[in-house]
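Please read the points below against the sequence and the model.

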Amino acid sequence: MASPSRRLQTKPVITCFKSVLLIYTFIFWITGVILLAVGIWGKYAMFLTLIFLVELVAAIVGFVFRHEIKNSFKNNYGKALKQYNATGDYRSDAVDKIQTTLHCCGVTGYRDWKDTNYYSEKGFPKSCCKLEGCSPQRDADKVNNEGCFIKVMTVIESEMGVVAGISFGVACFQLIGIFLAYCLSRAITNNQYEIV
């Protein structure tokens, strides 16, 4: 069984996926009910096919450009460190949240902070601390040594199985929906469907 801190790290990811799937399902049910009322199931099957193809293309593009996405994250995280301040803008909050949750410091290591304005003024941020409530200032012994980039990529790659499984499940239901909508459309156009 995973450690409590590991479960806390994956819970927001899984909750996010559940929310997206719930919204996604509601959109297709509402669209289906509206199209059923209008009686244009053939167009609904084409609409579902179009959405399926767009999702397929998005998945392929994400897979092909995964290395560019990693490099983009690394560069943006480095920029967030350089622009870090303790006043609480959203980038600084994100850096603090990542460093606190994953117990890491900097992009590739704690030395990344030494090139920032924040370090020259105040030292390391409190989110780099190994223990809660410390004030590390410039003491490298009190901060986490590992960089956040590798830890974030490890968490993302470990959750890819869950993402792939959910995506495969959604794709199967979409294909079944496309097939059933097409069959219903054919039945209606062939006058094999009796209105009660």
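1. Rings of Phe, Tyr and Trp (its six-membered ring) pair if their centres lie within 6.5 Å; planes under 30 degrees apart count as stacked, over 60 as edge-to-face and the rest as tilted. Phe73, Tyr77 and Phe149 make up one aromatic cluster. The model is predicted, with local features requiring pLDDT of at least 70, side-chain atom pairs counted only at pLDDT 80 or more, and totals for chains, interfaces and linings using all residues. Numbering starts from 1 along each chain as its sequence is written, and side-chain values use heavy atoms, without hydrogens and water.

2. The whole structure holds 7 aromatic pairs. One of them, Phe73 with Phe149, is stacked because the ring centres are 6.2 Å apart and the planes are at 25 degrees. Phe73 belongs to helix α3 (residues 66–82) and Phe149 to helix α6, so the pair ties together parts 76 residues apart in sequence. Helices here are DSSP runs (H or I, at least four residues), numbered from the N terminus.

3. Lys74 lies over the face of Phe149, 5.1 Å from the ring centre; this requires NZ of Lys or CZ of Arg within 6 Å of the ring centre and within 35 degrees of the ring normal.

4. Thr116 sits in the loop between α4 (90–102) and α5 (117–122). At 4% relative accessibility Thr116 is buried (under 20% relative accessible area; exposed is over 50%, partly exposed in between; 1.4 Å probe, protein chains only). The Thr116 side chain reaches the backbone oxygen of Trp113 at 2.6 Å and the backbone nitrogen of Tyr119 at 3.2 Å.

5. Leu131, in the loop between α5 and α6 (148–158), is exposed at 65% relative accessibility.

Key
Helices (H or I, at least four residues) and strands (E, at least two) are DSSP runs, numbered from the N terminus. A polar contact is a pair of N or O atoms within 3.5 Å; within protein, one must be able to donate a hydrogen and the other to accept it, and residues adjacent in sequence count only if both atoms are side-chain atoms.
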